[in-house]
Amino acid sequence: RTSTISAPSKLLHPNPPPLRGYLGFAVPPRVGSRSRLAWSSSSSPLLLHESRERWRAQAFMATRSQGRRRRSLIGALNWLLPPLLLAGSAGVGVAHGQGMLGIGKISSASGTRSRHVQATSQTQMCREGYEGVTEAEIKEWAEKGWSSGQALDSHIHVWGDGSPPFAYDNPPPEALAAICDADKFIATARNAGISAALIVQPINYKFDHSYVTSVLEKYPKFFKGMALAKPDIKPSEVKEYLSELKNQGYVALRFNPYLWTGSMADESGKAIYKEAGNLGMSVGVMCFKGLPGHVPDIKALLEHSPRTKLIIDHWGFFRQPATGGTDPNTKISEEAWQDLLELSKYPQVYVKLSALFRVSGEPSDYEDLKPRLQDLLTNYGADRLMWGSDYPYALVNGGYCASAVAMRSWKEKTGLSDDQFEKISGANAAAVFGF
């Protein structure tokens, strides 16, 4: 089927020329190797590294070592096809060996580069970014909401620009300050084929939920909310506190253990956790600095209120620090991984397969996570796993489509049944969060 897959690649060139298009043919140079993109409309050779997609390509000029047939074909492309580039507005590309055939584009403005590939493949639609989506299309997409068989993002953050009445408590990263409000996410989700999302209260606003609440009121079919739990709520005030949040569209709470002065399984923590279960609200736990130090508290909460669903964020943060797995300073904690698997004995525990870029040591499509996914399937089963992106942080760590495309590759790469894939990609989150 025809689809669009994103390729948020990096152009590596000492002095990148002002590109407006490319023309290429990708072929596997030898068995078992990556595909190569063998022609560029630029007068200078380029290195085009596809670190974010199912295939990787490198633009290079033909050499003898590539064989006579290939040199002949590339030579023909070099001489015959450049005139077809009308003002450099488009190019043609083939990603051979991965089932993709289509049209690609590189555009340039003030030194920036962007690209997308229209492809025929088994990967569902994903076009990076929010551009090209009208206000009417945003509203239409949001109004549809989630339905069975569609993908649902279980973990995103959105925020405004910090101006009143939604002032920041703590400003977001500068690169993300103005590109991730709710409308932009809906446009991004539409381009990626994602039908709904759970908004996790961003730390930028801390306990001021007014921005997210305004979004939940505006788009009730598309969004549900996960509020940030206040550690200092008195047990006698918990019921009123949570009831108000639920009436505003919040279906879950986030426990951030680093906001507690002591144990998050203290008197207030237990009261919040138990009342959340009474109200049908789940609790997500964000162990950003690693799972092992928080396991005793998690077990105490689980045993205090077995009816409350508890969700472990981001694969349990088994890679530390959680700055992104391609950072050479990060390391895998097998202790954290074993702690995560051990928690599967509690039937009310779920795991978010979110923020893939934080826990993988590779660029997309995060091949090293597939054995970990198999471990989780063995221990938790497909019924207690849910995909999420960690938008907007994913935008500066490979792009939103890197996460969505990787998730869609799991069906083929890990042998998931249709039913298992449907649960992980959306149905489990829809059931837990009430979509």
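This is a predicted model: local features need pLDDT of at least 70, side-chain atom pairs count only at pLDDT 80 or more; totals for chains, interfaces and linings use all residues.
**Conventions.** I number residues from 1 along each chain as its sequence is written. Local features need pLDDT of at least 70, side-chain atom pairs count only at pLDDT 80 or more, and totals for chains, interfaces and linings use all residues, while side-chain values use heavy atoms, with hydrogens and water left out.

**Aromatic pairs.** I searched the whole structure and found 16 aromatic pairs (rings of Phe, Tyr and Trp, the last by its six-membered ring, with centres within 6.5 Å; planes under 30 degrees apart are stacked, over 60 edge-to-face, the rest tilted). One of them joins tyrosine 205 and tyrosine 211, a tilted pair with 5.7 Å centre to centre and 35° between the planes. Tyrosine 205 is buried at 2% relative accessible area, and tyrosine 211 is buried at 8% (buried: under 20% relative accessible area, 1.4 Å probe, protein chains only). I also noted one aromatic cluster formed by Phe185, Tyr219, Phe222, Phe223, Tyr391 and Tyr400.

**Charges over rings.** I looked for NZ of Lys or CZ of Arg within 6 Å of a ring centre and within 35 degrees of the ring normal. Lysine 184 lies over the face of tyrosine 130, 5.6 Å from the ring centre. Arginine 358 lies over that of tyrosine 393, at 5.5 Å.

How values were computed
Buried means under 20% relative accessible area, exposed over 50%, partly exposed in between (1.4 Å probe, protein chains only).
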